[in-house]
Number of protein chains: 2
Amino acid sequence: MMREGLRQLIANEPDLEVCYEAEDAPRALAAIDSLRPDLALVDISLKESNGLELIKDIRIRQPELPALVLSMHDESLYAERVLRAGGQGYVMKDEGGVKIMAAIRQVLAGRIYLSEKMSDRVLGKLAGKHAPASTEPSVELLTDREFEVLQLIGRGSTTRQIAEKLRVSVKTVETHRVNIKQKLKLDTAPELIRFAVRWVETQSPE
Amino acid sequence: MMREGLRQLIANEPDLEVCYEAEDAPRALAAIDSLRPDLALVDISLKESNGLELIKDIRIRQPELPALVLSMHDESLYAERVLRAGGQGYVMKDEGGVKIMAAIRQVLAGRIYLSEKMSDRVLGKLAGKHAPASTEPSVELLTDREFEVLQLIGRGSTTRQIAEKLRVSVKTVETHRVNIKQKLKLDTAPELIRFAVRWVETQSPE
DNA sequence: CCGCGGCTAGGCGAAACCCCTAGGAAATAT
DNA sequence: ATATTTCCTAGGGGTTTCGCCTAGCCGCGG
């Protein structure tokens with residue numbers, strides 16, 4: 001149904017045309033090879049395989065073909081991953097037809113599309129970069145001590161518990177937290193904890 | 001865009017008509033009062049207020065008006081809560097037009113609609129055989145409001161932000177947090193956040 | 001009618017958060 | 001060799017949240 005609405009939206013634009021709708025990634029790639037579209041709209045909420053791999057495959061086969069990702073998630077992490085995978089834009093499904101069309105046209109014009117709040121977060125980190133060398137965000141900017149604190153935060157420790165474990169003052173831990181937030185461009189304490197929890201999870205399997 | 005596709009879908013049915021599309025819950029309720037529709041389609045995507053409250057409000061105002069919930073989440077917990085709140089059905093947005101129409105017609109016919117796997121789970125649970133085998137242990141102890149708070153915590157919101165979003169006092173949110181911690185047997189605030197983040201992640205996998 | 005669960009919210013002290021500054025040590029640049 | 005930067009440390013002070021109280025209101029069910 002999502003696709004139906006999207007097709008309708010595009011069909012209303014006189015200068016745009018939907019040349020194919022793929023059920024899955026293999027068919028999408030095959031169609032891209034044969035039909036040579038100007039733009040690929042990728043739904044990243046696909047169960048069964050993920051859209052990021054599809055974007056990477058598209059990038060390999062046709063580096064010039066821009067990919068605009070439609071997602072139902074509003075997480076900046078996804079937007080970052082999309083850009084790192086080589087996608088040209090990221091727009092949420094519930095954004096409304098106007099914004100989606102704006103995204104489509106912006107990407108067709110060769111630009112990157114991100115919603116404002118996303119671009120604020122993401123742009124600074126990986127603007128212009130096309131080398132996906134580093135896997136995770138800028139965690140590597142953290143010092144050893146900050147890194148240590150981040151991990152303890154990610155395990156659910158309180159500031160006091162961290163201070164005790166590291167044998168330092170609570171004030172010191174607070175300073176580390178502030179520095180971590182700045183380096184990771186996080187605004188609030190809950191966001192810091194959330195990031196830490198996620199990061200710890202990705203680091204240690206299970 | 002979602003709405004556009006949905007309207008298109010319904011417009012293609014000769015015997016069905018879309019009488020109104022509401023931007024938010026208050027407008028929806030007002031329109032329900034004046035237009036007296038045969039069915040309410042409720043988007044439960046939980047950005048901006050929540051659909052459960054809307055369903056309850058609908059139930060109060062017009063007990064005979066059936067509500068079919070459209071969601072992008074596929075957790076059985078949602079389906080259960082929807083039914084408990086008085087909804088007549090639960091269907092996922094990416095289900096395809098055919099299934100969505102089937103759901104609409106089934107609910108219009110006075111029946112409850114659930115996807116197969118959900119009805120299996122929900123009915124099985126009500127039947128007494130306890131085969132949860134999924135999700136965290138005691139999240140189901142939470143009330144709707146607590147559940148909502150838990151999700152916002154898991155998305156990295158501060159207490160204040162949650163209070164603003166839910167339009168209640170900070171104190172109320174704090175009370176909810178305390179109750180959640182008790183029910184989930186969590187000791188500290190960071191542990192609560194950690195749990196919430198993990199739980200939210202299991203709801204919308206990458 | 002009354003109780004009970006759920007949502008609401010205030011009081012209050014302690015803890016955490018946030019922004020500021022700052023010293024000493026080690027690494028790095030000049 | 002000296003200067004600068006970086007890192008770890010930590011305090012001051014004001015705001016916010018936490019944690020544990022109590023408590024009113026309402027709808028539902030015995």
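Helices, counted as runs of at least four residues, and strands, counted as runs of at least two, are taken from DSSP and numbered from the N terminus. In this predicted model, α9(B) gives the most to the surface near DNA strand D, supplying five residues.

**Around DNA strand D**
- There are 20 residues around DNA strand D, and those that come nearest are Thr143(A), Arg145(A), Val168(A), Ser169(A) and Arg160(B).
- At least two residues of this surface come from each of α7 (144-154) and α9 (170-184) in chain A, and likewise from each of α8 (159-166) and α9 (170-184) in chain B.
- By class, the residues near DNA strand D comprise nine polar, seven charged and four nonpolar.

**Around DNA strand C**
- DNA strand C is surrounded by 19 residues, of which Arg160(A), Thr143(B), Arg145(B), Val168(B) and Ser169(B) are the closest.
- Two or more residues each are given to this surface by α8 (159-166) and α9 of chain A, together with α7 (144-154) and α9 of chain B.
- The surface near DNA strand C has nine polar, six charged and four nonpolar residues.

**The sheet of chain B**
- Four strands of chain B form an open sheet in the order β1-β2-β3-β4, with parallel pairing, and its edge strands are β1 (40-43) and β4 (113-114).
- Strand β3 (residues 89-92) of chain B is joined to the parallel β4(B) by two bridges, and Tyr90(B) has Leu114(B) as its bridge partner in β4(B).
- Helix α3 (residues 51-61) of chain B packs on the sheet, where α3 touches β1 and β2 (67-71) of chain B and its direction makes about 160° with that of β1(B).
- Helix α5 (residues 97-108) of chain B lies across β2, β3 and β4 of chain B, and runs at about 175° to β3(B).

Technical notes:
Residues are numbered from 1 along each chain as its sequence is written. Chains are lettered from A and ligands numbered from 1 in the order in which they are written. This is a predicted model: local features need pLDDT of at least 70, side-chain atom pairs count only at pLDDT 80 or more; totals for chains, interfaces and linings use all residues. A residue is near a molecule or strand if its C-beta atom, placed from the backbone, lies within 6 Å of it. Ala, Val, Leu, Ile, Met, Phe, Trp, Tyr, Cys and Pro count as nonpolar, Asp, Glu, Lys and Arg as charged, and the others, Gly among them, as polar. Two strands pair if DSSP finds at least two bridges between them. Two residues are in contact if their C-beta atoms, placed from the backbone, lie within 7 Å. Axes are lines fitted to C-alpha atoms, for helices over the stretch in contact, and angles run from 0 to 180 degrees between N-to-C directions.
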